[in-house]
Amino acid sequence: MSSVILEVDHVTKAFGGLLAVNDVSFQMYKGEILGLIGPNGAGKTTLFNLINGVYKPTSGRIRFQGQDITGLPPYEVVRRGLARTHQIVKPLNEMTVLENVVVGACFGRENMPLEPAHEVAREVVEFVGLAPLADTLAGKLNVAQKKRLEVARALAAKPDLLLLDEVLAGLNPVEVERMLGVIQKVREQGISILMIEHIMQAIMSLSDRIVVLNFGEKLAEGTPEEVASDPRVIEAYLGDPEMAKRVLEEES
Amino acid sequence: MSGVLEVRALEAGYGEVQVLWGVSMAVAERRMTTLVGANGAGKTTTMRAIMGVVKPWKGEVIFRGEDVTRLTPHEKAQMGLVLVPEGRQLFSDLTVEENLEMGAYSPRARKKLDENLNKVYELFPRLKERRRQRSGTLSGGEQQMLAVGRGLMADPVVLMIDELSLGLAPVLAQSLFGTLRQLKAQGLTILLVEQNVHLALALSDYAYVLAEGRVKIEGESRQVARNEEVRRAYLGI
């Protein structure tokens with residue numbers, strides 16, 4: 001059996017009285033693409049924020065490559081080889097594409113000096129297909145290009161595990177295909193991927209396994225086929241079938 | 001299919017992010033049409049783009065045979081195209097009755113204010129009981145009643161409702177849906193966005209299933225309810 005790269009162990013995050021993430025546990029294996037899905041407000045992005053240290057869990061532990069990283073700040077987490085992208089991309093608009101990625105390399109896994117950081121950045125920019133735009137100001141990019149820049153910045157940190165938060169959102173079908181190609185290539189490099197995505201067809205075809213969150217709790221876990229045919233998952237997405245019956249009965 | 005409200009190849013989004021990729025649909029008179037789809041599918045954006053709260057990038061909105069794509073929301077409301085927005089958006093410091101009066105803001109609706117106020121109070125006796133109460137102090141279910149009531153005060157030709165049951169206890173949602181059926185029986189044309197697909201399909205006449213900003217499935221609601229593809233539109237496989 002392949003080794004565990006990430007372990008989320010009974011993690012809870014409370015905001016006041018609201019349990020945004022409630023006792024969630026799962027493991028991720030090295031080389032795996034794990035999809036994280038769930039209706040709006042299910043706690044997906046909060047879970048990302050807990051994993052990479054933006055938030056500290058109220059309780060529970062997070063282990064990465066065997067080390068306990070619970071409560072470590074994001075810059076410590078990235079040094080251990082765990083990088084992420086953000087749903088709302090915020091590149092440094094006044095800097096070029098390449099410079100943005102250099103920043104990712106400088107503050108990534110190693111505290112890289114500028115010269116090697118440039119080298120890494122060039123490779124990564126090429127890898128995500130932004131080489132022709134390397135000297136363009138990031139603020140001039142379109143959405144699809146900004147999303148690829150976001151992935152490039154994270155990759156420049158040289159992660160073993162990459163968290164992708166809705167990198168397909170807002171892309172047209174051609175751009176979605178292109179991004180899927182980038183994600184496949186990342187995986188072929190041996191980088192494990194945990195991704196949040198609303199474009200279901202894409203995440204279902206890409207992921208080895210899926211974890212479903214609903215109201216902050218883990219609702220289901222399994223292969224895409226298993227979760228898509230799980231009645232609880234179907235109900236979370238399509239609603240309670242009984243309510244329709246009750247409304248109609250009441251009328252008659 | 002033609003209708004009192006028609007949407008043709010509508011494209012819209014926020015900033016640079018495109019959400020709708022060419023949505024076409026029609027709302028037939030005196031029928032309940034529903035728009036369902038997983039979150040992020042573009043349901044609310046469709047409603048907002050029809051209303052003009054979000055400006056359409058491309059495509060057309062045809063209301064009673066007239067191109068209203070570029071009209072402002074208040075101009076459309078004046079014509080009878082009325083939206084009950086997601087999250088209710090009540091004037092929480094105003095009383096129940098003041099909120100209802102605000103619904104009749106347009107000159108056309110103002111003329112029928114008393115008549116429509118009586119109708120709304122008949123439909124929702126609870127609102128009448130609480131008419132002097134500040135709307136912010138109402139329960140969630142009452143607030144949703146008030147949001148629908150305020151929409152009715154605009155004297156709608158087409159009433160668009162974005163998420164009727166969201167966040168409501170099942171028993172309250174049931175009662176609101178009962179009211180909706182009553183309104184439909186009275187001849188009101190309704191376009192409903194509803195997260196509970198079963199409920200939306202059971203109550204409506206015609207359904208559109210959105211996924212990723214496009215209409216994936218459309219048809220008589222009874223037939224759509226039996227379509228296995230609906231699950232696929234939500235879950236991808």
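I began with burial in chain B: buried residues make up 49% of its 237 residues. I call a residue buried if 20 or more other C-beta atoms, placed from the backbone, lie within 10 Å of its own.

This is a predicted model, where local features need pLDDT of at least 70, side-chain atom pairs count only at pLDDT 80 or more, and totals for chains, interfaces and linings use all residues. Residues are numbered from 1 along each chain as its sequence is written, while chains are lettered from A and ligands numbered from 1 in the order in which they are written.

Next I looked up the secondary structure. Chain B has eleven helices and ten strands, taken as DSSP runs (helices H or I, at least four residues; strands E, at least two) numbered from the N terminus.

I checked the extent of chain B. Its C-alpha trace spans about 50 × 40 × 35 Å along the principal axes.

Then I turned to one helix pair. Helix α5 (residues 113–123) and helix α7 (residues 140–153) of chain B pack at about 150°, with axes 9 Å apart. Axes are lines fitted to C-alpha atoms over the stretch in contact, and angles run from 0 to 180 degrees between N-to-C directions. α5(B) and α7(B) are therefore roughly antiparallel, a label for angles over 145 degrees.

I listed the residues that meet. B:Asn116, B:Leu117, B:Lys119 and B:Val120 in α5(B) meet B:Gly149, B:Leu152 and B:Met153 in α7(B). Contact means C-beta atoms, placed from the backbone, within 7 Å.

Last, I looked at the contact between the chains. Chain B gives 25 residues and chain A gives 28. On the side of chain B, α8(B) has the largest share, six residues.

Methods:
Angles under 35 degrees count as roughly parallel, over 145 as roughly antiparallel, 65 to 115 as roughly perpendicular and the rest as oblique. Two residues are in contact if their C-beta atoms, placed from the backbone, lie within 7 Å. A residue is buried if 20 or more other C-beta atoms lie within 10 Å of its own, exposed if 12 or fewer, and partly exposed in between; C-beta atoms are placed from the backbone.
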